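Dear colleague,

Please find below the structure that I am handing over to you. My findings follow directly after it.

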Amino acid sequence: MKVMIAYDGSRNAKLALAQTVSLFRCNAPTLILVGVAENPGDATDANEELFQQEYEELKAALKEGADFAHQEGFEVDWVLAEGDARKMLLHATQKHQPDVLVIARHSSKPDGGIIAQSLSYFVDELDYMTFGKVSSFLARRVECPLLILPSP
């Protein structure tokens, strides 16, 4: 069994990896972590430096996630792609043929102020009715089961 996880090193991605390890432990799958570094809009030197920094940070996050899963007893591989996250994740599923693709639901924590909390509650309600651009794209196009994990 192969389980592919969209992984960017964020809090939600780390939680999704931990949940995946817990959910699928008895199946002993191979985990494939996929990170996507999105290309900058223009090719200025400043953007290239920012892209290289993002690329290296994502590579380190993938290695860290793979190390965690390996310590938990899983066989792990990771892929670092460049481009549009939606298309690169779709391409990765077509290339690696996972039995399931796991993604974390995108969210952000409020900063604690009453206005931020009110806006966060409103956005959370909208989140329950809609998906983000990546999950919506994949839900319509991916050819394997898609598991979208909420953040606690």
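A term is needed before the findings: a crossing of two helices is called right-handed if the near helix is turned clockwise from the far one by less than a right angle, and left-handed if it is turned anticlockwise. Please also bear in mind that this is a predicted model.

With that term in hand, consider helix 3 and helix 5 (residues 133–141), where helix 3 passes helix 5 in a right-handed crossing. The two helices pack at an angle of about 35°, and their axes lie 9 Å apart. Helix 3 contributes A85, R86, K87, L89 and L90 to the contact, while helix 5 contributes K133, V134, F137, L138 and R141. Of these residues, 6 are nonpolar and 4 are charged, with no polar ones.

The model also contains an open sheet of 5 strands, paired in parallel and in the order 3-2-1-4-5. Strand 3 (75–82) and strand 5 (146–149) each have a single partner strand, so one side of each has no neighbour in the sheet. From one strand to the next, the twist averages 20°.

Strand 2 (residues 30–37) runs parallel to strand 3 and is joined to it by 8 bridges. In strand 3, D77 is the bridge partner of I32.

Two helices pack on this sheet. Helix 1 (residues 11–24) touches strand 1 (2–6), strand 2, strand 4 (100–104) and strand 5, and its direction makes about 120° with that of strand 5. Helix 3 (residues 85–96) touches strand 1, strand 2, strand 3 and strand 4, and its direction makes about 150° with that of strand 2.

Yours sincerely

Terms used:
Residues are numbered from 1 along each chain as its sequence is written. This is a predicted model: local features need pLDDT of at least 70, side-chain atom pairs count only at pLDDT 80 or more; totals for chains, interfaces and linings use all residues. Side-chain values use heavy atoms; hydrogens and water are left out. Two strands pair if DSSP finds at least two bridges between them. Helices (H or I, at least four residues) and strands (E, at least two) are DSSP runs, numbered from the N terminus. Axes are lines fitted to C-alpha atoms, for helices over the stretch in contact, and angles run from 0 to 180 degrees between N-to-C directions. Contact means heavy atoms within 4.5 Å. Ala, Val, Leu, Ile, Met, Phe, Trp, Tyr, Cys and Pro count as nonpolar, Asp, Glu, Lys and Arg as charged, and the others, Gly among them, as polar.
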